[in-house]
Amino acid sequence: MHEQPTLTTARLTLRRFEIDDAWDVERLAGTREIADTTLNIPHPYPVGTARAWVEKQWAAWESGTGATFACVEKKTGQLAGAISLMSIRPEHRRAELGYWIAPDRWNNGYATESCRRLLEFGFDVLNLHRIEARRFERNVASGRVLLKLGMEQEGIERDWAIKWDRFENSVLYSILEPQWRASHTPPATPTDRAAKP
């Protein structure tokens, strides 16, 4: 597989995770607020294990099964979160979107901004047709982000997972490539329309 690219948004650089990021991953992702609303992030985050997580993301990119990016603030150069296209299935042209943003960066629009860029990458570069996402039903804030991206709620998967000894309902969302194109293609200008035969 080719080298993982670096993507940019107005305020963020989305780049490959490096080993030097491991401590920040443990410190930020390991907060109770992040672990509480994600399926696989532990709390407390075991010291020293983020290095293996970073290496796992490299392997997923190489195998074509995942694309995980560090969300880094352009202004400060600091890690603000992580965003992924997981469970990439090229034969079905689909993947699942996942992300976390550090609690001290919440309510800045970083999740929406980075997810929008990653959806563009998924459809334009990875040639995906369907990108889906899940959230715990109680994580209403994440639902707002997914709706802002143009995703549609498809349904609720009851008792889909166990988190900290309790069943969690999962809410499933998706967006298809034609929907994305329709909502992200700038309208034709009068000059453009005049130029068409």
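In helix 1, which spans residues 22-29, the buried residues are Ala22, Val25, Glu26, Leu28 and Ala29, where buried stands for under 20% relative accessible area, exposed for over 50% and partly exposed for what lies in between (1.4 Å probe, protein chains only). Helices (H or I, at least four residues) and strands (E, at least two) are DSSP runs numbered from the N terminus. The cover over these buried residues includes helix 2 (32-36), helix 3 (50-63), strand 4 and strand 5 (94-101), with contact taken as heavy atoms within 4.5 Å.

The model is a predicted one, in which local features need pLDDT of at least 70 and side-chain atom pairs count only at pLDDT 80 or more, while totals for chains, interfaces and linings use all residues. Residues are numbered from 1 along each chain as its sequence is written, and side-chain values use heavy atoms, with hydrogens and water left out.

Strand 4, part of the cover of helix 1, runs over residues 79-89 and holds Met86. Met86 is partly exposed, at a relative accessible area of 34%, and, neighbours within four places in sequence aside, Met86 is in contact with Thr65, Ala95, Glu96, Leu97 and Gly98. Leu172 is 86 residues away from Met86 along the chain, and 15 Å separates the C-alpha atoms of the two.

Glu132 belongs to strand 6 (residues 130-136) and is buried, with a relative accessible area of 11%. The side chains of Glu132 and Arg130 are joined by a polar contact of 2.9 Å, that is, a pair of N or O atoms within 3.5 Å of which, within protein, one must be able to donate a hydrogen and the other to accept it, residues adjacent in sequence counting only if both atoms are side-chain atoms.

Taken as a whole, the chain has 7 helices and 8 strands. Its radius of gyration is 18 Å, close to the 16 Å given by the globule rule for 197 residues, so the chain is as compact as a globular protein of that length; the radius is taken over C-alpha atoms, and the rule is 2.2 Å times the number of residues to the power 0.38. Of the 197 residues, 43% count as buried, and among contacts with a separation of 6 or more, 61% come from residues 24 or more positions apart.
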